[in-house]
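Dear colleague,

Please find below the structure that I am handing over to you, followed by an account of what was found in it.

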Amino acid sequence: MAFVEIRSLHVSYGKTQVVHGLSLDIERGEFLALLGPSGCGKTTVLRAISGLLQPSSGDIRVADTNVVGLPVHKRNMGYVFQNYALFPHMSVARNIAYGLSMRGLGSAESGKRVQDVLELVRMSTLSRRKPKQLSGGQQQRVALARALVIEPQLLLLDECLSNLDAKLREELRVEIRDIQKRTGVTTLFVTHDQTEAMTMCDRIAILDHGRIAQIGNPRDIYERPNSPFVARFIGRINEISGQSNGAGGISLDKTNIRLPGPVLRSGPVLIMLRPHRITINAVSPAAASDRLTGTIIRKTFIGNMAEIAVQTAVGVLVVEISAASADLDHHQQGDTVTLTWSAADMIVFEPEEAVP
Amino acid sequence: MTALSQRHTMAMILAPAVLFLAGAFMLPLLNLGRLSVFENLPGGAIRETLTLANYRAFLSDSFNLELTRNSCLIAVQASLLALLVGYPIALFLYRTTSPWRGLLLVAAISPLFVSGVVRVFGWLVILGDTGFINGGFKWLGLIDRPLALIFNWTGVVIGLAEGLVPFVVLALISGFGRLDQNIEDAAATLGADPLRRFLTITLPLSMPGILLAFLIGFVVSMSAYVSPRILGGGRIFVLATEIYGQTFELNNWPLAAVLSLYMLLLLVLLTLAYKKLTERSA
């Protein structure tokens with residue numbers, strides 16, 4: 001039985017239903033990301049778990065206790081807000097001690113725990129500062145310390161890195177993951193940033209319109225998305241329409257290229273292909289008609305790799321090649337090239353029924 | 001735009017306000033200063049010879065000390081009462097997302113639309129010996145003899161406080177800028193129940209508003225004349241009633257000028273104290 005079990009959670013704002021029967025398990029000690037585009041209801045889920053918001057129905061069980069009836073101040077969950085929500089009239093130390101004093105902890109014990117957690121977030125020297133005397137990253141650390149010091153049964157992070165600049169965000173990603181591993185606190189992290197989710201978390205739950213679209217480890221979700229929505233949401237992906245012959249053969253529309261693929265109902269299919277899975281070659285004289293050829297229309301250098309857009313019969317396909325590759329200089333805009341890929345790298349879906 | 005021409009533009013924008021204040025405030029004030037050093041003759045005549053006699057008369061009369069005490073005490077009590085009544089109203093108005101918010105705000109400040117004299121007569125009807133409150137209490141059998149709610153200290157404080165509520169509500173709302181629902185939510189997740197949330201977060205964070213409301217309440221009460229005069233029944237003496245008395249009953253304009261300047265000095269000192277206090281907390 002999972003440490004946190006959410007079952008058929010429904011949340012509405014007035015007449016608008018935001019979360020539609022969401023179910024989710026979080027294992028003890030796990031760092032789980034709730035990832036989704038803005039407006040998909042992820043913060044709402046977090047607020048419902050914390051008790052800041054009352055769900056219209058559903059169960060939230062933590063360590064086998066249903067917490068839905070408990071008021072927020074009795075749930076013992078640490079919550080880090082997007083804008084940190086530090087108490088502006090209190091010093092760093094008093095901000096952190098707040099939760100402990102609410103628990104009636106003596107000042108000696110409280111002082112020691114505040115010191116420990118300040119060390120954990122590397123803020124010991126700034127304990128007497130007021131929040132507005134701190135940088136964004138430091139405020140973030142204090143907010144984290146304040147949520148951790150109460151030894152919450154569940155730590156909830158709400159887009160807590162999105163107000164920081166890119167460099168600091170990268171630093172804090174690593175730091176927060178380390179702190180999570182060291183304290184072992186079960187953590188639910190809400191974000192719209194897939195890189196954040198991938199680099200920090202053990203598992204990712206993709207949220208779409210108030211439902212879990214897919215849950216799994218970052219690699220699974222990236223390599224084996226279970227729907228075109230997830231495939232498009234995580235990383236970049238090329239889309240090619242084709243036909244399944246119903247016996248494991250797939251042909252690309254507008255070409256006479258046939259590839260082995262999964263056995264699907266015969267009829268139209270959607271083929272999805274990660275840009276780095278495509279190999280680009282100069283057209284060889286031997287290029288047969290069963291190869292996809294095209295013209296380079298754009299080449300973009302992005303530091304460690306380059307992105308090459310190729311106009312083909314099946315549309316524009318984007319190819320990523322390592323910047324270290326010698327091919328980078330060979331291919332110029334206007335060149336005619338051949339694109340190849342391994343059939344196993346294709347992610348093939350039957351067309352989405354909901355799409356008109 | 002260069003700094004110089006920017007300064008010119010600023011000066012031009014401010015000019016009407018400066019001219020208005022000079023005419024409507026500074027000139028009368030200078031006149032008051034002039035009046036305070038002229039000699040008062042029996043029968044209300046004024047001789048334009050310089051004298052400090054009015055200041056000497058003011059300083060040697062211990063009754064002025066009592067007037068100061070009364071004025072300040074009434075102002076403090078009325079402001080506190082108005083804060084007590086106005087704070088929940090202001091907090092509600094600040095937080096509500098009701099479409100009626102605008103209308104409710106207007107309702108809260110509607111006493112300002114009614115002349116002070118009319119409001120005070122309203123209180124006569126409510127607080128008088130046969131008024132709503134005494135009548136109601138009597139009907140309920142809570143009292144045999146009417147409570148003395150009017151023509152005394154209590155009546156003045158109640159009447160003043162009611163007039164202050166709109167000011168207090170507006171000042172509080174403008175001072176609630178630091179309140180942030182997230183901050184209170186954070187306190188809740190850390191284990192604070194609603195009462196402790198209010199005491200440790202909401203109240204301290206609304207301190208700027210409370211101080212501002214208190215300052216405005218105090219200043220308005222100090223300078224109020226109608227409420228102390230009518231609701232005090234002629235038995236409550238404060239600086240404002242004394243200034244009126246010296247001006248129109250005793251015809252001693254120079255002494256009235258001294259008293260006016262004295263009251264102005266008190267309010268300036270209070271404003272400076274407020275500034276000091278808010279600078280420190282900021």
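In chain A, four strands form an open sheet in the order β2-β1-β4-β5, with antiparallel pairing. Its edge strands, each pairing on one side only, are β2 (16–26) and β5 (65–66) of chain A. Strands here are DSSP runs of E of at least two residues, and helices are runs of H or I of at least four residues, numbered from the N terminus; two strands pair if DSSP finds at least two bridges between them. Strand β4 (residues 57–62) of chain A is joined to β5(A) by two bridges in the antiparallel sense, and A:R61 has A:N66 of β5(A) as its bridge partner.

Please note that this is a predicted model, in which local features need pLDDT of at least 70 and side-chain atom pairs count only at pLDDT 80 or more, while totals for chains, interfaces and linings use all residues. Residues are numbered from 1 along each chain as its sequence is written, and chains are lettered from A and ligands numbered from 1 in the order in which they are written.

Further along chain A, strand β16 (residues 292–302) pairs antiparallel with strand β17 (residues 305–312) over eight bridges, and A:T300 stands opposite A:E307 in β17(A). Two residues lie between the strands of this hairpin, where A:G303 takes a positive phi near 70°. β16(A) also runs antiparallel to strand β19 (residues 336–340) of chain A, to which four bridges join it; the partner of A:T293 in β19(A) is A:T338.

The largest nonpolar core has 103 residues, and A:A33, A:L34 and A:A205 are among those with the most contacts inside it. Such a core is a set of buried Ala, Val, Leu, Ile, Met, Phe, Trp, Tyr and Cys residues joined through C-beta atoms within 7 Å, where buried requires 20 or more other C-beta atoms within 10 Å of the residue's own, with C-beta atoms placed from the backbone. Beyond its neighbours within four places in sequence, A:A205 is in contact (C-beta atoms, placed from the backbone, within 7 Å) with residues including A:L24, A:L32 and A:I215.

Chain B has 13 helices and two strands, and 32% of its 282 residues count as buried. Its C-alpha atoms fill a box of roughly 75 × 70 × 30 Å, taken along the principal axes.

Finally, the contact between the chains takes 19 residues from chain A and 17 residues from chain B. On the side of chain A that touches chain B, β6 (77–80) and α2 (92–102) of chain A are the elements that give two or more residues.

Yours sincerely

Terms used. Contact = placed C-beta atoms within 7 Å. Buried ≥ 20, exposed ≤ 12 C-beta atoms within 10 Å, placed from the backbone.
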